[in-house]
Amino acid sequence: MSAAITGGGQATGNAGRGPAQAPTSVRVLDAAERLVHVRGFNGFSYADIAAEMHMTKASLHYHFATKADLGEALITRYAARFFGALDAADTDGTSAPAKLSAYAKLYADVLSQQRMCLCGMLAAEYPTLPGPMQSAVLEFFDHNEDWLQAVLEQGRSEGSLEFTGPARDTARMIISGLEGAMLVTRPYGDAGRFKVAADGLLASLTAPASQSVAARPSAPAAQSAPAS
């Protein structure tokens with residue numbers, strides 16, 4: 001699932017011809033995303049991307065006129081992949097706890113690639129980002145809150161989740177907990193630390209099985225056949 005979120009590498013070629021090289025704009029985004037994860041958005045320039053890709057800065061400006069445009073495109077691509085993966089997990093009949101597990105797995109999969117949540121990293125530089133990038137980062141987290149709020153309300157309704165206060169507040173707690181767990185895990189290089197934190201967070205929201213079953217509406221009792 002992580003490949004659907006983090007930057008790719010090659011495009012799929014025609015059958016029998018092997019993988020084809022991705023378009024230049026995609027490769028520029030991939031290179032920029034790698035640099036964000038290593039240096040932060042403010043830690044690299046167009047010269048760094050040009051050197052890595054063996055192309056001129058003028059060629060970069062042809063695809064992305066400014067670094068702010070490049071940054072906004074990075075967020076847009078990451079958000080589309082992230083929420084596309086969430087949509088795949090958010091199917092009818094899927095329980096709220098299963099949806100939360102799928103949500104946490106998105107973070108775990110990214111971490112397994114020695115990456116961080118792109119928007120989480122950019123949030124650390126938020127005050128210095130261009131206005132459009134700031135708006136895009138906020139939109140990403142707002143969308144996360146909307147999705148989680150709906151799942152939490154589903155879980156409260158079906159009796160599979162329990163929490164106090166508004167679902168929105170708990171949604172914010174989940175995002176903060178997972179983003180923070182990724183950040184603290186990174187210097188240790190031990191994905192197990194993240195799993196322990198994520199599992200504990202979700203377990204704290206899961207209602208006892210007996211309570212979940214009790215909350216479900218019981219099937220109507222069968223009526224006796226009329227006496228002949």
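This is a predicted model: local features need pLDDT of at least 70, side-chain atom pairs count only at pLDDT 80 or more; totals for chains, interfaces and linings use all residues.

Tutor: Start with Cys 119. Its sulfur lies 5.4 Å from the closest cysteine sulfur, that of Cys 117, which is too far for a bond. A disulfide is a covalent bond between the sulfur atoms of two cysteines. The cut-off used here is 2.5 Å between the sulfur atoms. The count of disulfides is therefore zero by this rule.

Now look at the loop between α5 and α6, where α6 covers residues 118-124. Gln 114 has its place in that loop. Its phi is near 55 degrees, a positive value in a residue other than glycine. Gln 114 counts as exposed, because its relative accessibility is 66%.

His 54 is not a glycine, yet it has a positive phi of about 55 degrees. His 54 lies in the loop between α2 (46-53) and α3 (57-63). At a relative accessible area of 74%, His 54 is exposed.

Next, step back to the whole chain. The protein chain has ten helices and two strands. What is the order of the elements from the N terminus on? The order is β-β-α-α-α-α-α-α-α-α-α-α. Of the 228 residues in the protein chain, 40% are buried. The chain exposes about 12,100 Å², and carbon and sulfur atoms supply 56% of that area. Take the contacts between residues at least 6 apart in sequence: 65% of them join residues at least 24 apart.

Aromatic pairs give examples of links across the sequence. How many aromatic pairs does the structure hold? The structure holds eleven aromatic pairs. Phe 82 and Phe 140 form one that is edge-to-face, with 5.2 Å centre to centre and 70 degrees between the planes. It counts as edge-to-face because the planes are over 60 degrees apart. Phe 82 sits in helix α4 (residues 67-89) and Phe 140 in helix α7 (residues 131-158). The pair links distant parts of the chain, 58 residues apart. Phe 82 counts as buried, because its relative accessibility is 1%. Phe 140 is also buried, with a relative accessible area of 1%.

Another pair is stacked: Tyr 103 and Trp 147, at 5.7 Å centre to centre and 20 degrees between the planes. Tyr 103 lies in helix α5 (residues 96-112) and Trp 147 in helix α7, so this pair ties together parts that are 44 residues apart in sequence. Tyr 103 is buried at a relative accessible area of 1%. Trp 147 has 8% relative accessibility and therefore counts as buried.

The charged end of Lys 67 sits over the ring of Phe 41, 4.5 Å from its centre. The charged end of Lys 67 also sits over the ring of Phe 44, 4.3 Å from that centre.

Asp 142 has its place in helix α7. Asp 142 counts as partly exposed, because its relative accessibility is 38%. Asp 142 and Arg 172 are 30 residues apart in sequence, and 9.3 Å apart in space, C-alpha to C-alpha.

Finish with Ser 160, in the loop between α7 and α8 (167-185). Its side chain makes a polar contact of 2.6 Å with the side chain of Glu 158. With a relative accessible area of 7%, Ser 160 is buried.

Technical notes
Residues are numbered from 1 along each chain as its sequence is written. Side-chain values use heavy atoms; hydrogens and water are left out. Rings of Phe, Tyr and Trp (its six-membered ring) pair if their centres lie within 6.5 Å; planes under 30 degrees apart count as stacked, over 60 as edge-to-face and the rest as tilted. Helices (H or I, at least four residues) and strands (E, at least two) are DSSP runs, numbered from the N terminus. Buried means under 20% relative accessible area, exposed over 50%, partly exposed in between (1.4 Å probe, protein chains only). A charge sits over a ring if NZ of Lys or CZ of Arg is within 6 Å of the ring centre and within 35 degrees of the ring normal. A polar contact is a pair of N or O atoms within 3.5 Å; within protein, one must be able to donate a hydrogen and the other to accept it, and residues adjacent in sequence count only if both atoms are side-chain atoms. Contact means heavy atoms within 4.5 Å. Accessible areas come from the Shrake-Rupley method with a 1.4 Å probe; for residues, only the protein chains shown count as cover.
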